[in-house]
Amino acid sequence: MKILVVGSGGREHALVWKLKQSAGVDEMICAPGNAGTAQIAENVAIPVTDLPALLRFAKENAVDLTVVGPDDPLALGIVDLFTGEKLRVFGPTKSAARIESSKIFAKELMRSQRIPTAEARTFSDSDEALRYCEHLTFPVVVKADGLALGKGVIVAPDAATARSTIEAMMNKSRFGEAGRRIVIEEFLRGTECSLHALVDGQNYRLLESARDHKRIFDGDQGPNTGGMGAFSPANNWNSELQSQFEENVMRPVVRGLAGEGITFRGLLYPGLMITGEGAQVLEFNCRFGDPETQAILPRMKSDLLPLLQATIDGKIDNYEIEWDTSAAVTVVLASGGYPGKYVLGKRISGLDDAARLENVQVFHAGTKRANGETVTAGGRVLAVTALGQTVESARNHAYEAVSRIHFEGCHFRRDIAMSAIAR
Ligand code: AMP
């Protein structure tokens, strides 16, 4: 089989790496990919949002299956376009992807299905939103309705911040169309956990749990990022939470979507806050998480390809997924200055040295080849994953590998998975 993976991050490198191990795969292609995917697949320089070019490429090259990594092409309707042309593609349709691309749609669905989530109100009029702020107890969370590169969620500790956020989103178009409508919701306290499920329209299979680290600095300080590290399994997850989650979240969401005439086929990843009252849904994502995927896939013993195929064909209930009992820890190496401004093109050394270590996988994110060298090409540059019998040993291996890699300005958190180590 010939498989095309769409995307260029660490998630896509992990998907290419895992699918490449499948017996059924002869050829892997990544669009546009990075320096890591170039080592194990053919990169083609097509941007993820250029749907006509992706379609043309898949047709002309007789691609058997396309796997979509990021949310943007899904929200733009890549799956509708490909299936309309009789091409096989893994991911939800444009209308199913609204569960991620519209927070208002997701909130309404959760409300109608009584899925546990923060109390919220939605606004399309900024004056109304500003008036609403006068009566709130803070903190509250202000969210742009649409996709905003993970930056459309602001925790407002006081009324002044809430007001300026509303102004920026609704009146100053800080996120363009995405911020025209907003959600203001209750601030939930607890610890976060990411669950991934392969959903085939009716049935689903959960992947192993994971936790990510969103803030840029140790101790969860500084601004939010795309994710600075992850570990799996999550230390705040257990079988009791899981059965409640399946009963209160997974079954209702699949049923609720079907009730609206939407068949969700793809990866559904609810972001959860584990509170004193159980798991509450913060958001739904409709694609693999980054960097969670880099921690989860190295633990998956099963072949991923038949699972993706079964998801597309509505047959996931014929499959059980096997997992390695090891823990995985993923540390992200970022460009200095990220998530603000940073400089590109820094030479990266030590990659081979790190990759030679046992139980270590170096996934590339923002990297490219230039003049025979691997150089930085994005904010998040690498995601280094290590497996270990315990979280502590996985963590030690991961940081050992990280210590071998160098580039000017490299920044990484030193406390990834610390919360999972008994002290
Ligand atoms: P979202 O994109 O909705 O998951 O939000 C991004 C991040 O904002 C989450 O991972 C949480 O850290 C935080 N967040 C979102 N909603 C809430 C909430 N209701 N209470 C507390 N934190 C939240």
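Which helices and strands each supply at least two residues of the lining of the largest cavity? H6, H7, strand E9 (182–186) and strand E18 (278–285) do. The model is predicted: local features need pLDDT of at least 70, side-chain atom pairs count only at pLDDT 80 or more, and totals for chains, interfaces and linings use all residues. Residues are numbered from 1 along each chain as its sequence is written, and side-chain values use heavy atoms, without hydrogens and water.

**View 1. The largest cavity holds about 90 Å³ of space.** A cavity is a set of points on a 1 Å grid over the protein atoms alone where a 1.4 Å probe fits but cannot get out; lining residues have an atom within 4 Å of a point. H7 gives the largest share of the lining, 4 residues. Among the lining residues are Lys-143, Val-183 and Phe-284.

**View 2. Helix H6 (residues 94–101) packs against helix H7 (residues 103–112) at about 90 degrees.** Helices are DSSP runs (H or I, at least four residues), and strands are E runs of at least two. The axes, lines fitted to C-alpha atoms over the stretch in contact, lie 6 Å apart. The pair is therefore roughly perpendicular (65 to 115 degrees). Arg-98, Ile-99 and Ser-101 in H6 meet Lys-103, Phe-105, Ala-106 and Leu-109 in H7 (contact: heavy atoms within 4.5 Å).

**View 3. The second largest cavity has a volume of about 30 Å³.** Its lining includes Val-68, Phe-90, Cys-286 and Arg-287. A volume is the space filled by probe spheres set on grid points, joined across faces, edges and corners.

Technical notes
Axes are lines fitted to C-alpha atoms, for helices over the stretch in contact, and angles run from 0 to 180 degrees between N-to-C directions. Angles under 35 degrees count as roughly parallel, over 145 as roughly antiparallel, 65 to 115 as roughly perpendicular and the rest as oblique. On a 1 Å grid over the protein atoms alone, a cavity is a set of points where a 1.4 Å probe fits but cannot get out, and a pocket is an open set with protein on both sides within 12 Å along at least five of seven lines; lining residues have an atom within 4 Å of a point.
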